[in-house]
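Here is my note on this model. Please keep the structure open beside it as you go through the points.

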Amino acid sequence: MDKLQSFAPVIDNKPRVLIVGSMPSIKSLEEQEYYGNPRNHFWSIMYRILEEKPCETYAEKIHLIKKNYIALWDTIGYCYRQGSLDMYIEEEEPNDIAGLLKEYPTIQLIACNGTKAYQMYKKFITPLLQQEIDVIKLPSTSPVPGKYNKTFEEKIESWRVITNYLDDIKSYEEEI
């Protein structure tokens, strides 16, 4: 089993929300794209909650995330895993999310994409934090049925909470 490495963070100057997953799937690693499996609901959910049209390319998707003051990363930097399921993750090593939060103090919310991301955040990151920050566990966007299945529409409603952290920025930009 090979040691897997997650991607560098997708981040712009003043992000307000950091969405963290656990570790990219095998398909995402092959494609070298966050949420690169077309069956994953992540991008479809983002289009809906941000009220944006679907993007054609990965570069456009990244632009969409950044222009909406969202950053992407994973809680796990390195691990061993057979296949793509989180339950098979072993010997995980965390990404330096505490360091990222120091570097980007504008981040107000950590949105954990699924249970494993949330567990890893609590285990590795929370003990290192020196500032208060909101953290929420959201339903996984993975297409693999899990313990707490939600419909696509229920996932959208759950994920919509992140827009609360973006609304004041959008209102300010509209005034300018």
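How many salt bridges does the structure hold? The structure holds six. A salt bridge here is a side-chain nitrogen of Lys or Arg within 4 Å of a carboxyl oxygen of Asp or Glu. Side chains of opposite charge can pair when their charged atoms come close.

1. Ground rules. This is a predicted model: local features need pLDDT of at least 70, side-chain atom pairs count only at pLDDT 80 or more, and totals for chains, interfaces and linings use all residues. Residues are numbered from 1 along each chain as its sequence is written, and side-chain values use heavy atoms, with hydrogens and water left out.

2. The sheet. Four strands make an open, parallel sheet, in the order E3-E2-E6-E7. Strands (E, at least two residues) and helices (H or I, at least four) are DSSP runs, numbered from the N terminus. Two strands pair if DSSP finds at least two bridges between them. At the edges are E3 (70–74) and E7 (134–138), each pairing on one side only. From one strand to the next, the twist averages 25°. Angles run from 0 to 180 degrees between N-to-C directions, with axes fitted as lines to C-alpha atoms, for helices over the stretch in contact.

3. Pairing partners. E2 and E3 are parallel and share five bridges. There, Ile19 stands opposite Leu72 in E3. E6 (residues 109–113) and E7 also pair in the parallel sense over five bridges. Leu109 stands opposite Asp134 in E7.

4. Strand E3. Is E3 mostly covered or mostly open? Five of its five residues are buried, so E3 is mostly covered. Buried means under 20% relative accessible area, exposed means over 50%, and partly exposed is in between (1.4 Å probe, protein chains only). Ile70, Leu72 and Asp74 are buried on one side of E3, and Ala71 and Trp73 on the other.

5. Helix H2. H2 (residues 42–50) lies across E2 (17–21), E3 and E6, and runs at about 160° to E3. Contact means heavy atoms within 4.5 Å. Seven of the nine residues of H2 are buried. Among them are Phe42, Trp43 and Leu50.

6. Two positive phi values. Just after H2, Glu51 takes a positive phi of about 55°. Glu51 sits in the loop between H2 and H3 (58–67). At 71% relative accessibility, Glu51 counts as exposed. Tyr69 has a phi near 65°, also positive in a residue other than glycine. Tyr69 lies in the loop between H3 and E3.

7. Salt bridges across the sequence. Glu93 and Lys3 meet in one, at 2.9 Å, N to O. Glu93 lies in E5 and Lys3 in E1 (residues 3–5), so this pair ties together parts that are 90 residues apart in sequence. Arg48 forms another with Glu153, the closest N and O atoms being 2.9 Å apart. Arg48 is in H2 and Glu153 in H6 (residues 152–159), 105 residues apart. Arg48 is partly exposed, at 38%, and so is Glu153, at 42%.

8. A salt bridge within a helix. Lys27 and Glu31 meet at 3.2 Å, N to O. Both lie in H1 (residues 26–31), four residues apart, about one turn of the helix. Lys27 is partly exposed, with a relative accessible area of 32%.
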